[in-house]
2 protein chains.
Amino acid sequence: MVDERSEAKGPVTKLVPEGDERERLVCTDCGFINYINPKIVVGAVATWEDRFLLCKRAIPPRLGYWTLPAGFMEEGESTQDGAAREAWEEARARIEIGPLLGVYNIPRISQVQMIYRARLLSDEISAGPESEDVGLFTWDEIPWDEIAFPTVHWAFAHYRETLGQGEFAPRSEMPMGV
Amino acid sequence: MVDERSEAKGPVTKLVPEGDERERLVCTDCGFINYINPKIVVGAVATWEDRFLLCKRAIPPRLGYWTLPAGFMEEGESTQDGAAREAWEEARARIEIGPLLGVYNIPRISQVQMIYRARLLSDEISAGPESEDVGLFTWDEIPWDEIAFPTVHWAFAHYRETLGQGEFAPRSEMPMGV
Ligand SMILES: [Zn+2]
Ligand SMILES: [Zn+2]
């Protein structure tokens, strides 16, 4: 019986490297150690007057559901620059980043999401390659039953909660299911 | 003439992978693509009464200089858990994590540092393997001329600035040289 996993290439073998205390994924071909670091997701609750920017996902997971413009932070940028870049990539929206709204830890998938409040600089938006559609919705128009991720619900709740507050502490993750 | 770089193993070759827009480090042996993500450093300004916890570094960089307990966030933990773990690893200190004091972006080295305010649960501390010494210093006793990193200066400044404030927005990186 052939173990198909043994044919996988790259750092797919679990080992505790010398001098380390934790199991890491190592490549038995070339010896490369893949330290898996938590990943930072940056995004924004971006508004134009009383309307909120949402993107309908053109890619899995949660294809066809609505989400905030957000994605993995890239090398060499700040969290704010990353959040603005994602709004451009996913919704062709130019935004001005405001205060840090939430820091959502999701240890199960080793993610830290950093969501900012932001203002659209114009209401000219259009779907980027990862979006099927984009839209500006009033609070009551938000497609609440077609939201892609719990973090989007959290960010909207925290947006409301901190609205009108000058300085506030960023909010944290909520129990799953909220 | 032999190009020594061609003998290096692992993902050391710069290429734009198919379907990507950016250069990544790729392993030409096994095809593994090393997406370099920004790394999260978690740490704390931890106090016992009017004294601050500092660790004298036993490892490079900045060996022999004093720093806050801080280090790379690990898989499967929250930012708060990571900051508490680092205080234990570096100073055998048990701490209770408070509000987020600063989010310091350092794009040049693709780091996001998240520094919390924290309280020591006892003044029993001792040097962990990466520390040559640990200490509890009053503000005036802090070895200001022997501080390892600019971020330590920023965190102390922001600690002072936000002291006594109930709810506050986390502070940001400062121009280098401050
Ligand atoms: Zn390999
Ligand atoms: Zn390889």
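A pocket here is an open set of points on a 1 Å grid over the protein atoms alone, where a 1.4 Å probe fits, with protein on both sides within 12 Å along at least five of seven lines. Lining residues have an atom within 4 Å of a point.

Some ground rules. This is a predicted model: local features need pLDDT of at least 70, side-chain atom pairs need 80 or more, and totals for chains, interfaces and linings use all residues. Residues are numbered from 1 along each chain as written, chains are lettered from A and ligands numbered from 1 in written order, and side-chain values use heavy atoms, without hydrogens or water.

First, the second largest pocket. Its space is about 1,200 Å³, counted as the space filled by probe spheres set on the points, which are joined across faces, edges and corners. The lining has 42 residues. Nearest the centre lie A:Ala70, A:Gly71, A:Phe72, A:Glu86 and A:Glu130. By class, 20 are nonpolar, eight polar and 14 charged. Nonpolar covers Ala, Val, Leu, Ile, Met, Phe, Trp, Tyr, Cys and Pro; charged covers Asp, Glu, Lys and Arg; the others, Gly among them, are polar.

Now the metal. Which residues coordinate the zinc ion, ligand 2? A:Cys30, B:Cys27 and B:Cys30, each through SG, at 2.0 to 2.6 Å. Donors are N, O and S atoms within 2.8 Å of the metal (3.2 Å for Na, K and Ca); water is not among the atoms, so sites may look incomplete. A:Cys30 also bridges to the zinc ion, ligand 1; the two ions lie 2.0 Å apart.

Buried or exposed? A:Cys30 is at 11% relative accessibility, so it counts as buried. B:Cys30, at 10%, is buried too. The cut-offs: buried under 20% relative accessible area, exposed over 50%, partly exposed in between, with a 1.4 Å probe and protein chains only.
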